[in-house]
Amino acid sequence: MYDAIIVGARCGGSPTAMNLARRQHRVLVVDRATFPRDTLSTHALTGDAADRLKAWGLLDRVVAADGRGVTDHAAYHCAGREFRIPGLFLAPRRTVLDKILVDAARASGAEVREGCSVIGLLRDPSGRVTGVTLQRDGSLSTEEARVVVGADGRNSFVAREVGAEVYNEKPPMACAYYSYFENFPISTVEVHYAPGTACICLPTSNGQACLAVMRHRDQFQVFRADIDGGFQRAFEQVGLADRYASARRAEEWRGAADLPNYYRKPFGPGWTLVGDAGFLKDPVLGQGVNDAFRDADLLSSALDSVFRGEQDFDTALSNYQQERDRVSGSTYALTHELSKLQVTPEHLESLQAAAEARIKRVQAAAASARKEPAEA
């Protein structure tokens with residue numbers, strides 16, 4: 001019997017597994033994909049995502065595999081002004097990042113089964129989730145655990161099966177297309193806003209740039225009918241016509257019109273949720289990976305306290321939910337405002353102030369940690 005079975009091995013699942021395994025808990029991770037494998041994602045590491053990779057001992061590995069260095073700011077442009085948002089920024093392809101996370105979970109002692117799908121949840125007579133039914137290579141099996149963790153994305157099978165409550169939901173406002181380009185000069189994350197438009201530019205793996213355009217959701221059909229023309233017009237609108245004209249698209253277009261914003265209650269009898277399965281917001285700020293990493297740290301700490309008998313399950317997971325909602329609330333609200341694509345300098349001043357405040361908190365915490373041994 002496992003302490004935790006984690007369904008989904010990407011940015012929420014593998015870090016949760018890694019953290020629990022490093023604390024000597026017995027963990028099984030399953031994912032229907034085999035890695036490396038791409039997924040729909042603009043894959044910017046923003047907020048404190050790079051800091052978490054560094055704390056986990058993985059940042060150097062990601063940078064080496066990505067082939068791009070870490071930059072110390074992102075550049076946001078609006079109404080002729082540039083706002084430098086401080087922090088550590090990089091944007092590795094998910095084929096690079098997810099593979100490293102999966103390998104780190106395995107190296108930490110978690111059992112990882114790739115190409116393995118969860119097709120059912122096991123329950124005891126009270127209805128408590130006690131395990132999963134698996135399908136792999138045409139064969140069925142079952143495994144039991146103290147907790148089943150849904151880290152299986154926005155269309156989470158676990159969330160659907162347990163009927164996880166949705167709250168604080170906000171309507172999708174934007175649609176987006178993106179692809180990968182060669183010969184687009186770029187050195188750091190850039191976001192350019194004009195009325196009704198956002199152009200997101202990420203320096204990514206293999207010397208390429210990931211370029212994305214966001215429009216109002218009601219423009220999706222028009223956008224989809226002429227993606228090439230839509231990109232050209234968008235980059236002209238934000239003043240990047242020359243740079244875009246020199247670029248060559250290297251892969252197919254990828255896009256989405258359904259960009260939901262929601263919180264799900266992340267726990268119940270025998271189950272819990274992490275990453276996009278439990279919390280999702282519009283990608284206009286590129287916060288998805290950061291949110292998944294943060295919540296993986298929060299959840300693994302909560303479950304560790306349960307497995308060690310320090311807290312009961314409901315108390316620990318209620319604290320996890322409250323902390324997740326507290327730390328994400330202001331950015332969730334700001335993201336929804338920005339997704340309306342009527343961005344003002346005042347919006348970006350708020351973003352800049354929040355980033356500066358976060359860095360001060362991190363520096364203060366580091367200074368406090370350095371003092372503790374001397375005081376002891």
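This is a predicted model: local features need pLDDT of at least 70, side-chain atom pairs count only at pLDDT 80 or more; totals for chains, interfaces and linings use all residues.
Residues are numbered from 1 along each chain as its sequence is written, and side-chain values use heavy atoms, with hydrogens and water left out.

I will begin with the spaces. Rolling a probe the size of a water molecule over the atoms shows where empty space is left. On a 1 Å grid over the protein atoms alone, a cavity is a set of points where a 1.4 Å probe fits but cannot get out, whereas a pocket is an open set with protein on both sides within 12 Å along at least five of seven lines, and lining residues have an atom within 4 Å of a point. Points are joined across faces, edges and corners, and a volume is the space filled by probe spheres set on them.

The second largest pocket holds about 780 Å³ of space and is lined by 30 residues, with V327, T331, A354, R358 and R361 nearest its centre. At least two lining residues come from each of strand 4 (81-89), helix 9 (288-307), helix 10 (313-338) and helix 11 (345-375), and helix 11 gives the largest share, 7 residues. Helices here are DSSP runs (H or I, at least four residues), as are strands (E, at least two), numbered from the N terminus. By class, this pocket lining has 13 nonpolar, 8 polar and 9 charged residues, where Ala, Val, Leu, Ile, Met, Phe, Trp, Tyr, Cys and Pro count as nonpolar, Asp, Glu, Lys and Arg as charged, and the others, Gly among them, as polar.

And how many cavities of 30 Å³ or more are there? The count is 1, and the largest cavity has about 70 Å³ of space, with a lining that includes T42, Y76, V189 and G286 and that divides into 9 nonpolar, 3 polar and no charged residues.

Next, the aromatic rings. There are 19 aromatic pairs, meaning rings of Phe, Tyr and Trp (its six-membered ring) with centres within 6.5 Å, stacked if the planes are under 30 degrees apart, edge-to-face if over 60 and tilted otherwise. F279 and Y332 form a tilted pair, 5.7 Å centre to centre with 55 degrees between the planes; because F279 lies in strand 19 (residues 279-280) and Y332 in helix 10, this pair ties together parts that are 53 residues apart in sequence.

As for helix contacts, P15, T16, N19 and L20 in helix 1 meet residues of helix 9 including F293 and F307, contact meaning heavy atoms within 4.5 Å.

Finally, the backbone. The peptide bond from F35 to P36 is cis, with omega near 10 degrees, and P36 is in the loop between strand 2 (27-31) and helix 2 (49-55).
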